[in-house]
Amino acid sequence: MVRRAALRVLEVDLAEVIVVVGHHAPRVQAAIADLPLRVVLNPRYREGQSTSVRAGLDAVSAVVDGVLFMPCDQPWLSAETLSRLLVRFRSGDEPIVVAAAGERSGAPAIFDRSQFADLAALVGDVGGRQLVRRFPDRVGRCDIGDPRALDDLDHRPP
């Protein structure tokens, strides 16, 4: 799953691709070792998703304008969808852009550098969704068309 997700991201016009690993790190690293990306180890992954968010943010170059957070378990997510999200982020005024299909929205999402401090302040098993809920006025929705792209292997709507 991680390799498939990494290959999708590598098709998109991004300054850098960082994969944060924790659980089963050696296996995950081996699956993507030949790809042109940077792997960051999160030794605190047991403390929750927020630690992976911080590990990723700590590794981001100073030149990037924002970060795209994408879980690896969304098998219907395409490079075209990621590109559409990126275009929406670059052309809009909102510092947060989330993928949306109909009434549903969620990951992947892009956060402007102005949101990094709020992301870094997250604690526990939470991620960027907390900021989306807390600051709805900062959020732009990007219609990705296919609602299946929002489905992940842990949860699919009925």
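Is histidine 24 buried, partly exposed or exposed, and at what relative accessibility? Histidine 24 has a relative accessibility of 40%, so it counts as partly exposed, since buried means under 20% and exposed over 50%. The model described here is predicted.

**Helix H4: extent and faces**
- Helix H4 runs over residues 79-91 and has 13 residues.
- From first C-alpha to last, H4 reaches 18 Å, close to the 18 Å expected at 1.5 Å a residue.
- Its buried residues are Ala79, Thr81, Leu82, Leu85, Leu86 and Phe89.
- These buried residues line one face of H4, because they fall within an arc of 160° when seen down the helix axis.
- An α-helix has 3.6 residues a turn, so residues three or four places apart point the same way.
- Glu80, Val87 and Ser91 are exposed, and they sit on the face of H4 turned away from its buried side.

- The peptide bond joining alanine 107 to proline 108 is cis, and its omega is near 0°.

**Histidine 24: backbone**
- Histidine 24 is found in the loop between strand E1 (18-21) and helix H2 (25-32).
- Although histidine 24 is not a glycine, its phi is positive, at about 55°.

Technical notes
Residues are numbered from 1 along each chain as its sequence is written. This is a predicted model: local features need pLDDT of at least 70, side-chain atom pairs count only at pLDDT 80 or more; totals for chains, interfaces and linings use all residues. Side-chain values use heavy atoms; hydrogens and water are left out. Helices (H or I, at least four residues) and strands (E, at least two) are DSSP runs, numbered from the N terminus. The expected span of a helix is 1.5 Å times one less than its number of residues. Buried means under 20% relative accessible area, exposed over 50%, partly exposed in between (1.4 Å probe, protein chains only). The arc is that of the directions from the helix axis to the C-beta atoms.
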